Amino acid sequence: MTAKPKIIVGLGTCGIAAGGQDVYQAIEKALAENNIDAELTQTGCIGACENEVLVDIQKPGQPRITYGKVPPEEVGNVVTEHIVKDQISRDFVLGKIGEGDLPAEYEDIPVFFEELPFYQKQNRLCLRNCGFINPEIIDEYVAREGYEALKKVITTMKPEEVVEEVKKSGLRGRGGGGFPSGLKWEFTMKAEGDKKYIVCNADEGDPGAFMDRSILEGDPHSVLEGMAIAGYAVGADEGYIYCRAEYPLAVKRLKLAIEQAKEKNFLGNNILGADFNFDLKVKEGAGAFVCGEETALLMSIEGKRGMPRPRPPFPAQKGLFDKPTCLNNVETFGNVPVVFLKGADYFASIGTEGSKGTKVFALTGSINRTGLAEVPMGITIQEVVYDIAGGLPGDGEFKAVQVGGPSGGCIPKDLLHLPIDYDSLTDAGAMMGSGGLVIMGLDTCMVDIARYFLTFTQSESCGKCTPCREGTKRMLEILQRITTGEGEPEDIEKLKTLGDAISSTSLCGLGQTAPNPVLTTLRYFQDEYEKHIFDKRCPAGICVDLLIYAIDPELCDGCRRCVKACPVDAISGEKKEPHVIDTEACIKCGACLEKCKEEAIKLQS
Amino acid sequence: MIEENDFNYAAVDKIYENWKTQKGALIPMLQEIQHEFGYLPRPALEHLARRLRTPISQIYGVCTFYSQFHLKPRGEHIIRVCQGTACHVRGIAKIAMRLEEELEVEVGDTTEDMLFTYESVACVGCCGLAPVMMVDEATYGRLTPDRVPDILNEYQRGEGNDS
């Protein structure tokens, strides 16, 4: 227990974006002005992004109190009142963490992880330290059993036993494919080679995914520890973390963590006195989504164009600089220390038959509580959307959830009961992917969403293989036609044929999964495509070219502003009489919409 | 544009010397050159090719493959508008329109006064705060079109980047 009160500000990228630095400075100022002796520190993302900026205050002997959405102008007061007068601001308090006594009047404050609906169904293994430690201070990681797993592995286990333990845990790759990690380690261990590498894929590029960023920013040492354990198991003495350059804070904290781990001899030569050397480097990406694909990533580390190559040979045989390479994703490595701290049996006891442990999901879109949630495998989509994320805002009705980013698929309402595990999602035409969940309400057009994702994958296609380069382009052209009212009856069949061909013949994962958003929306929402093609209507009211501008005669006060604004003279009407838009002449430029003060101009689908 | 005669080759040499012992260091070298000059000037690439004994075509191939490398000079501040799913759903289009109006440039271009380069980015990973844009390394979340001029103003007055 700390002797001084401790104040912790959430300064991950999300916290900083919400104004965390201002809050931090305001607290510094308040402490100085009121002569308060307290420790002010920072931490990574605890997952409740919706409530940033998060400020925690812990007084000796009391539980830690978490405040959310604290504005800089108020935070000084909140901190002073709490520390000096023991008064907790009801306006901002979210919950309490840990043991200790509070004045009786505050007994009703919910227990953070147990009583807040966002956390009730979570099981935080990989995120165990996120939001608790200062990621820039190694001692705080060590104090929470940090590097204990590495110590145990190096001092008590043979490499074969380490691999066996990971196999027993049932851990599968968290980056998308879900390949059993233990097997991957075994292949690399058994591969012939004087030099082997460990590579961490931190090129989290899926739009809507930020799990890996939060782990790297909030608990970088857990990833380093997982990599060192892998190095010991497969016989590698060097590793790379390939991190996308769009994550400057993650890169900074990783580099700092590596430096600190070297000082403490958790990395470097003769680690912890044993005959084991392991060194790590951070490689920054340069902006290419395809580099998330493992062979492309390795090309990029080698300083080349990041284009995938055919497998086999798999990286475990011939990887980085043609040496056997064990490549896993951030969350996978983050889980490795858990496997050894808690035991493979414990790890395997969580989840389903084929998917063990937990998975971190980034919850975004039309939901009440956006953020990061770590849940046991096998939890249903329903539980995640409603119990954890709190459903849709207002009276919004659920339409679909996009699982797994541009490689995944849209899951409709009648599959809400589906358990989230690798196999169920694949059967439904989606995939676990890296773990983005974008929740969409009735106001989302599924054809537009499919077009959006395909626009992304099409522009990120590296161009090496024809199915992906040309096929995605043709699919996108068809989708663009459909969303602009030029769709033809045979387009649906064409999309299906093309999609299947691209999936089965593309060189790498990017191309093989690129058609998924189109194929799943066709599978579950074909009627929407039909409405666009045959009726030239967009039921959700999103595809602009299919909308009709109309004036609500009840609201129109006949001011003639829109009449003057219309560049094609499509609006007519006498002064003080309701005006009318000639939909044939209208070019849908929206000029009238901007001029109307009565908001009488409506877009109709 | 920089003339070849008075080009600062020493800066390129220094970067090359720093990295030459490491395998596959072309990308970090290019990153540092870009950091030094703000973009990848042709004389720098030609010089690097000579030092590395690598065909310039190969270096050019790497430069054009990755979206973060730029062969033309760029503005003092880089604005990146997020095109991620969440931002798409939460109305980034309106933010982008406002930016284009205010800056009078289109995506990929630099303002005449060289103050801003306006780009779009696939996802900055702050989906919880959508819609989001970045100016240099500062992230601005929960945007509304009306906040756009205020944010630009901070940089025009030379005081941005603190939030």
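Begin by selecting helix α16 of chain A together with α5 (117-120), β10 (358-365), β11 (371-376), β12 (398-403), β13 (409-412) and β14 (436-441) of chain A, which are among the elements that cover the buried residues of α16(A). Helices (H or I, at least four residues) and strands (E, at least two) are DSSP runs, numbered from the N terminus. The model is predicted, so local features need pLDDT of at least 70 and side-chain atom pairs count only at pLDDT 80 or more, whereas totals for chains, interfaces and linings use all residues. Residues are numbered from 1 along each chain as its sequence is written, while chains are lettered from A and ligands numbered from 1 in the order in which they are written.

Within α16(A), residues 381-388, colour A:Ile381, A:Val384, A:Val385 and A:Ile388, which are buried (20 or more other C-beta atoms within 10 Å of the residue's own, with C-beta atoms placed from the backbone). Looking down the axis of α16(A), you will find that its buried residues fall within an arc of 120°, so they line one face of the helix; the arc is that of the directions from the helix axis to the C-beta atoms. After α16(A) comes A:Gly390, with a positive phi near 75°.

Around A:Val55, leaving aside neighbours within four places in sequence, show A:Ile7, A:Val9, A:Val23, A:Tyr67, A:Val70 and A:Val75, with which A:Val55 is in contact (C-beta atoms, placed from the backbone, within 7 Å).

Now turn to the two chains together, where 35 residues of chain B are in contact with 45 residues of chain A. On the side of chain B that touches chain A, α2 (26-37), α4 (56-65), α5 (85-89) and β4 (138-140) of chain B each supply at least two residues, and the largest share, four residues, comes from α5(B).

Finally, show the whole of chain A, whose secondary structure comes to 25 helices and 18 strands, and whose C-alpha trace spans about 90 × 65 × 40 Å along its principal axes. Buried residues make up 55% of the 605 residues in chain A.

Methods
A residue is buried if 20 or more other C-beta atoms lie within 10 Å of its own, exposed if 12 or fewer, and partly exposed in between; C-beta atoms are placed from the backbone.
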